[in-house]
Amino acid sequence: MSLHASVQALPPGVATLDDHEARARSVLDDNAWAYFSGGAADGITLRANRAAWDALSLLPRVLQPLAGGHTRVQLLGRALPHPILVAPVAYQRLAHPDGELATALAASAQGAGLVLSTQSSMLLEEVARAIAGDAQRGPLWFQLYLQADRGVTRELVRRAEEAGYEALVLTVDAPVNGARDAERRAGFRLPPGIAAVNLPPPATVLAGSLFEGLLATSPTWGDVEWLQSFTRLPVLLKGILHPADARQAAGLGLAGVVVSNHGGRTLDTAPGTAAMLPRIADAVGGALPLLVDGGIRRGTDVLKAIALGASAVLVGRPAVWGLANAGAVGVAHVLRLLRDELEIAMALCGVATLDKLPSDLLLSGEWAAARR
Ligand SMILES: Cc1cc2nc3c(=O)[nH]c(=O)nc-3n(C[C@H](O)[C@H](O)[C@H](O)COP(=O)(O)O)c2cc1C
């Protein structure tokens with residue numbers, strides 16, 4: 001499959017991720033905008049994600065040696081050029097006809113990892129094939145939602161393994177959708193031709209209470225062990241906020257944890273991820289790598305995340321904004337901006353590498369309290 005708009009130009013005047021968002025608002029229709037931008041319920045967690053990064057101050061040192069500096073990190077046994085991955089986001093053809101394929105090519109060109117959603121609107125094999133041969137690409141991971149039918153889950157895992165995905169990211173914070181009020185107000189519908197093409201057609205929606213219907217088969221820790229028992233891929237858990245859950249994940253020998261509240265789309269009033277990351281880092285004490293997402297919009301946010309104990313970060317909506325604005329070129333631009341901003345932030349803080357950040361790089365009452 002080829003790209004519809006592979007030489008699409010960037011719109012003028014777009015210099016930041018927030019500019020991409022503002023521009024995407026004018027490109028996307030109300031239906032798609034409600035789906036991609038919305039948070040659950042009152043948007044308290046959506047805003048808390050941003051507020052938690054903003055509440056942290058970076059305390060710079062001057063006159064530090066910066067020659068030979070770089071943004072490289074180690075993750076799951078691989079050296080990556082920088083710690084930025086693209087988060088799994090469903091139905092990307094709703095943002096642009098090139099969908100997940102464009103996002104994958106852009107991530108690959110920027111050496112960024114890509115996590116493909118179970119609800120991808122393009123075949124997982126097609127996306128993997130497009131970037132498999134690129135020696136400079138970042139990790140290619142598959143995000144898994146456990147399906148009510150274990151046979152369907154097994155088949156998805158088998159396909160992901162065979163297609164060359166290098167890890168499974170099991171999302172555990174969404175046994176049901178959050179209260180998606182913005183979508184309901186907009187009367188959100190997937191347009192014809194856009195679907196979760198890697199899954200069998202959805203079963204008829206069950207009537208009655210959630211607990212009698214959907215939740216009768218909702219995943220548990222036992223299902224995590226079941227998944228580990230048959231996949232040869234490392235498994236990460238995505239959607240962890242409680243330090244005890246992170247400890248339990250470490251105890252099960254999981255390959256990593258993504259500290260996430262699903263970009264504020266599931267439980268509204270859950271805390272911002274930057275507020276929980278240091279507590280989780282303390283709880284697991286380096287037993288497994290931590291990743292974090294939610295509201296990361298600036299290179300300074302990436303640096304703060306690493307300083308709080310993350311090995312890498314993921315961005316969700318910003319990639320979609322880039323995709324809507326200019327297809328693959330737009331996603332690549334978003335990732336490039338973040339990389340460049342990260343380098344600027346490091347240089348201005350007086351840190352040359354990400355592996356030995358000074359313990360006093362961050363100023364935050366809450367952080368200090370969490371460390372005591
Ligand atoms: C429109 C949309 C769809 C998403 N779809 C998925 C998904 O299919 N699987 C998943 O694990 N997370 C999904 N997420 C959550 C993202 O992976 C990620 O956790 C979140 O977007 C990070 O916050 P940010 O958008 O502020 O960067 C989705 C997020 C958005 C905005």
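This is a predicted model: local features need pLDDT of at least 70, side-chain atom pairs count only at pLDDT 80 or more; totals for chains, interfaces and linings use all residues.
**Exercise 1. Helix 4 and helix 12**

Determine how helix 4 and helix 12 are oriented to each other, and describe the residues through which they meet.

*Solution.* Two packed helices are described by the angle between their axes and the distance between the axes. For helix 4, which spans residues 99–109, and helix 12, the axes lie 8 Å apart and the angle is about 25°. Since the cut-off for roughly parallel is 35 degrees, helix 4 and helix 12 are therefore roughly parallel to each other. The handedness is the next step, and helix 4 passes helix 12 in a right-handed crossing. On the side of helix 4 the meeting residues are Gly99, Ala102, Thr103, Ala106 and Ala107, while helix 12 brings Leu323, Gly327, Ala328, Val331, Ala332 and Leu335.

**Exercise 2. Helix 6 and helix 8**

Work out the orientation of helix 6 relative to helix 8, and then the make-up of their contact.

*Solution.* The axes of helix 6 (residues 150–163) and helix 8 (residues 221–230) cross at roughly 45° and come within 11 Å. That angle makes helix 6 oblique to helix 8, and the crossing of the two is right-handed. Helix 6 contributes Arg150, Thr153, Arg154, Val157 and Glu161 to the contact, and helix 8 contributes Asp223, Trp226, Leu227 and Phe230. The residues of the contact between helix 6 and helix 8 divide into four charged, four nonpolar and one polar.

**Exercise 3. The setting of helix 2**

Explain why helix 2 is described as largely enclosed by the rest of the structure.

*Solution.* A residue counts as buried under 20% relative accessible area. In helix 2 (residues 30–37), this applies to Asn31, Ala32, Trp33, Ala34, Tyr35, Phe36 and Ser37. Because seven of the eight residues are buried, helix 2 is largely enclosed by the rest of the structure. The partners of these buried residues are helix 1 (17–27), helix 3 (44–54), helix 7 (181–186) and helix 12 (317–349).

**Exercise 4. Histidine 20**

Decide whether histidine 20 is buried or exposed, and list what surrounds it.

*Solution.* Histidine 20 is placed in helix 1. Its relative accessibility is 0%, so histidine 20 counts as buried. With neighbours within four places in sequence left aside, histidine 20 is in contact with Leu10, Val14, Trp321, Gly322, Asn325, Gly330, His333, Val334 and Leu337.

Technical notes. Residues are numbered from 1 along each chain as its sequence is written. Side-chain values use heavy atoms; hydrogens and water are left out. Axes are lines fitted to C-alpha atoms, for helices over the stretch in contact, and angles run from 0 to 180 degrees between N-to-C directions. Helices (H or I, at least four residues) and strands (E, at least two) are DSSP runs, numbered from the N terminus. Angles under 35 degrees count as roughly parallel, over 145 as roughly antiparallel, 65 to 115 as roughly perpendicular and the rest as oblique. A crossing is left-handed if the near helix is turned anticlockwise from the far one by less than a right angle, and right-handed if clockwise. Contact means heavy atoms within 4.5 Å. Ala, Val, Leu, Ile, Met, Phe, Trp, Tyr, Cys and Pro count as nonpolar, Asp, Glu, Lys and Arg as charged, and the others, Gly among them, as polar. Buried means under 20% relative accessible area, exposed over 50%, partly exposed in between (1.4 Å probe, protein chains only).
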